Amino acid sequence: MTINRRSFLARSGALGAASFAAMHLAMPRAYAQTEDGTISIALAARSPNGINPQQSGLTGGDNWALYQVFNALVASKPGTFAVTPEDFQPALAESWEVSEDARTWTYHLRRGVQFHKGYGEMTSKDVMFTYGRQLDPEIVSAGKVLFGNIESIDAPDDYTFVVTLVRPDPLFNASTAVTLAASIICQAAFEEKGEAFNLDPVGTGAYYVESTDESGINLTAFDEHWNGPAATRNIRVSFIADTTARTLAFASGQVDMIEGVRQPGWIPAMRQRDANTIFDATAPGSFNTLHLNLQREPLDNIKVRQAFRYAIDNSQIAEAYGELSTPMVGIIAPQFAGSVTKEELPEELKYEPSIDKAKELLAEAGFPDGVTIPCFTSQREDYATIMLMIQEQLRAAGINLDLNIIDHATMHAENNTDKNSLTLNSSSFPPVPTMPFLQRLAASADTKPDGSGQGNYSHYGVAIPGIDDLLDQAQDEPDFDNRIEVIKQIEEKVLTDLPLLGIITLSYVIARNPRVDLGFEVQSGYAYWPLNQARITG
Amino acid sequence: MLRMILLRLVDAIPTVLLVLTLVFVALRILPGDPAQVALGDMATPEQLELFREQMGLNMPLWQQYFIFIWDMLTLNLGRSLVSNTPVAQIIAVNLPYTIELTIVATGMGVLFGVPLGVLAATNRNKLPDNGVRVFSLIGYAIPDFYLGALLLIVFALNLGWFPINGGGTDFASRMYHVFLPALTLAMVKTAFLGRLTRTSLLEVLGRDYVRTARAKGAREGRVIYRHGLRNALLPITTGLGLSLLATLSGSVAIEMVFNRPGLGETLISAIAERDYPVIQAGAVIFAFFVVFINLLIDIAYIVIDPRIRVQ
């Protein structure tokens with residue numbers, strides 16, 4: 001085919017005209033709202049990475065879909081965290097027993113639970129398969145660390161599953177069995193589908209995956225669900241990474257629920273637009289804590305650390321976030337067992353905010369003219385905002401933070417190679433009181449310059465004696481109440497040494513159109529909740 | 001012409017190779033551990049090590065480099081470190097949206113920009129010329145992400161004429177979804193092409209053969225479109241090529257604002273997640289487009305101006 005000038009220009013023109021004509025023709029029929037018994041939720045992520053609970057790299061949006069598609073052995077009451085052993089409810093396990101030493105957990109599985117898409121009944125073989133993959137060191141999977149205390153698993157019959165632990169754990173349901181990583185997957189489907197399982201999973205949840213596309217996941221109610229069919233036929237989990245685009249999608253009614261923005265002023269601004277919008281927030285949400293590097297001057301000086309504690313007013317920071325935040329006293333969120341309150345602490349550990357006291361301590365430490373500390377934090381909205389507030393509060397006491405705000409992945413990489421003097425950390429922990437200490441303050445989690453260490457950026461237990469003995473004691477304690485008592489001792493020890501300062505909790509928040517009734521009130525819990533009772537009322 | 005195309009393609013090899021090397025080096029210099037990003041900060045050191053081993057991240061850098069170059073030559077784009085999806089699949093899903101946006105935005109830019117330029121040139125220093133000048137200034141001055149948000153609020157949110165986000169499914173719905181994002185990108189393109197057309201046309205309209213055409217009694221329309229605009233097309237084509245490349249890179253911000261699937265948005269996320277294979281493949285695709293568009297411009301020169309063909 002030869003192209004000459006005339007045909008080149010003519011064809012280009014025709015193509016342009018055809019495109020515009022198509023656009024006009026398309027307009028009336030392509031614009032459709034969600035109104036056909038579908039509840040639509042938009043999360044802050046780009047596209048589905050997978051709906052396999054053991055897959056690494058899952059986003060918050062993937063987790064929402066996962067939670068509807070899979071079940072674990074136990075569950076917490078919708079909209080809450082199960083904080084004590086008694087708070088757990090049966091799910092795929094109808095009942096369970098724990099040995100006196102809290103090392104052997106026996107689960108009695110519910111009979112007749114069906115997998116999606118005709119894969120038959122769930123039995124202990126599927127549970128063994130699920131836990132077995134998490135215990136296999138040759139398989140890279142999400143949440144593997146949660147299975148680290150398991151010594152062995154066994155299935156004496158089709159409906160019994162037994163877990164033996166290395167160390168006692170009266171909260172095994174919270175630390176492992178209830179988590180997304182312990183969602184029961186169908187062995188037959190997993191083996192049959194291979195990699196395709198990631199986007200076409202088979203679980204036992206109230207919804208099954210109908211289809212996925214580049215911007216979302218379509219779920220349909222599973223009529224044979226063991227807890228009865230879901231109230232609404234379809235759920236659309238959309239992925240809208242950009243905050244503005246997500247907010248506009250909600251404001252226009254295109255989606256019913258969106259992941260909120262954890263920024264001061266976001267909720268009031270949304271309420272100004274529509275006072276009827278409902279905000280579902282999980283308390284506590286993330287723990288925001290400030291690591292002080294005990295191997296760096298002047299933070300190796302306890303008086304300087306105390307000056308930090310007196311200068312930072314947690315209540316003021318929490319107030320800026322309004323209903324999304326609570327001030328922390330220790331390292332455990334105030335909503336969880338093991339946390340301490342100011343009232344129960346001795347006077348010297350209450351640290352009532354006082355700039356004068358902070359200046360006095362700084363002078364006693366040999367810094368009457370103040371100190372300058374270089375540090376960096378992430379550009380992620382919650383990190384940057386909280387650190388800027390801390391910077392302002394410390395400035396008043398003569399502590400000048402020479403703060404750099406950098407890319408989030410870079411911040412983690414630099415923190416992991418021990419390059420920061422003080423670092424804010426935002427982590428979500430389940431109500432397992434040993435977990436924050438094990439991950440953030442145990443000597444075994446010490447951060448190493450070569451990056452081979454873990455999240456103890458303070459070097460607590462390495463630079464100065466830490467809480468390792470108390471942690472051992474807590475981990476060997478089979479009784480829940482006794483364990484909590486040890487945890488409170490740990491809290492006091494940390495408040496004495498101040499390697500890590502609790503700042504605020506920050507809730508995960510979803511804005512909801514009042515036409516959607518969830519069927520329960522969201523009070524606490526993970527950053528996702530069940531939608532099987534949700535219905536459209538308006 | 002075939003020889004010219006082949007020569008151009010051979011010329012492009014060192015460019016693409018240089019881009020590949022720069023991307024590879026830049027990614028390895030950039031702090032951030034892909035294993036940590038993929039597995040989260042609760043991952044055990046053993047899991048991180050296993051992940052690095054499985055993904056080839058703990059090989060010596062030179063070895064990783066040669067494997068990367070070989071994979072690119074054999075069109076093996078690898079798998080995403082985050083989702084484990086084949087990168088070719090990620091590109092295949094997202095690239096058409098970016099191409100579609102670029103083509104429609106460029107089409108709109110030409111459709112609006114060239115007539116505006118003609119209008120300005122034929123009414124030099126009069127009201128239409130001044131009007132086009134003001135429009136061009138505004139077009140240049142407004143950042144596209146701001147204009148995009150503005151259009152989104154007015155036409156999608158308040159008037160409800162367009163969808164808030166997404167890329168559409170069938171052809172019609174895709175064209176409907178692309179309209180506002182393309183209009184946003186077309187604004188600066190219209191301003192640019194309008195100014196370029198005006199300048200080129202004014203220069204041509206002052207030439208002897210135009211005066212001769214007028215002296216022979218040719219109608220003004222014929223003088224402008226047949227003798228003027230056709231001869232002014234060469235610089236406009238160059239400008240169009242450059243603007244096409246600018247649109248391709250400008251699509252990144254617009255895809256974010258309109259929450260459209262696309263290569264730009266994919267790359268931004270991949271950079272945040274240190275997803276090396278996706279970033280590398282994306283950079284190669286962009287480099288390929290630069291080469292391809294330059295080639296198209298060269299071919300267009302030949303089609304438009306027979307003198308170049310003879311040379």
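Domains first. Chain A of this predicted model is assigned two domains. Domain 1 takes residues 40-256 plus 513-536. Domain 2 runs over 284-507. Their centres, taken over C-alpha atoms, are 32 Å apart.

How many residues of domain 1 of chain A touch domain 2 of chain A? There are 16, and they meet 16 residues of domain 2. On the domain 1 side, the classes split into 9 nonpolar, 4 polar and 3 charged residues.

Now a sheet in chain A. It is open, has 4 strands and pairs antiparallel. The order reads β4-β5-β7-β6. Strands in a sheet pair through backbone hydrogen bonds. Which strands stand at the edges? They are β4 (93-98) and β6 (150-157) of chain A. Each has a single partner strand, so one side of each lacks a neighbour in the sheet. From one strand to the next, the twist averages 20°.

Look at β5 and β7 of chain A. Residues 104-109 pair with residues 160-165, antiparallel, over 5 bridges. A:Thr106 sits opposite A:Val162 of β7(A). Helix α3 of chain A, residues 124-135, packs on this sheet. The helix touches β5, β6 and β7 of chain A. Its direction makes about 165° with that of β6(A).

Last, the chain contact. Chain A gives 44 residues and chain B gives 52. On the chain A side, α1 (5-30), α6 (243-251) and α12 (408-416) are the elements giving two or more residues. The largest share, 10 residues, comes from α1(A). By class, that side of chain A has 19 nonpolar, 19 polar and 6 charged residues.

Key
Residues are numbered from 1 along each chain as its sequence is written. Chains are lettered from A and ligands numbered from 1 in the order in which they are written. This is a predicted model: local features need pLDDT of at least 70, side-chain atom pairs count only at pLDDT 80 or more; totals for chains, interfaces and linings use all residues. Two residues are in contact if their C-beta atoms, placed from the backbone, lie within 7 Å. Ala, Val, Leu, Ile, Met, Phe, Trp, Tyr, Cys and Pro count as nonpolar, Asp, Glu, Lys and Arg as charged, and the others, Gly among them, as polar. Domain bounds come from an automatic or database domain assignment. Two strands pair if DSSP finds at least two bridges between them. Axes are lines fitted to C-alpha atoms, for helices over the stretch in contact, and angles run from 0 to 180 degrees between N-to-C directions.
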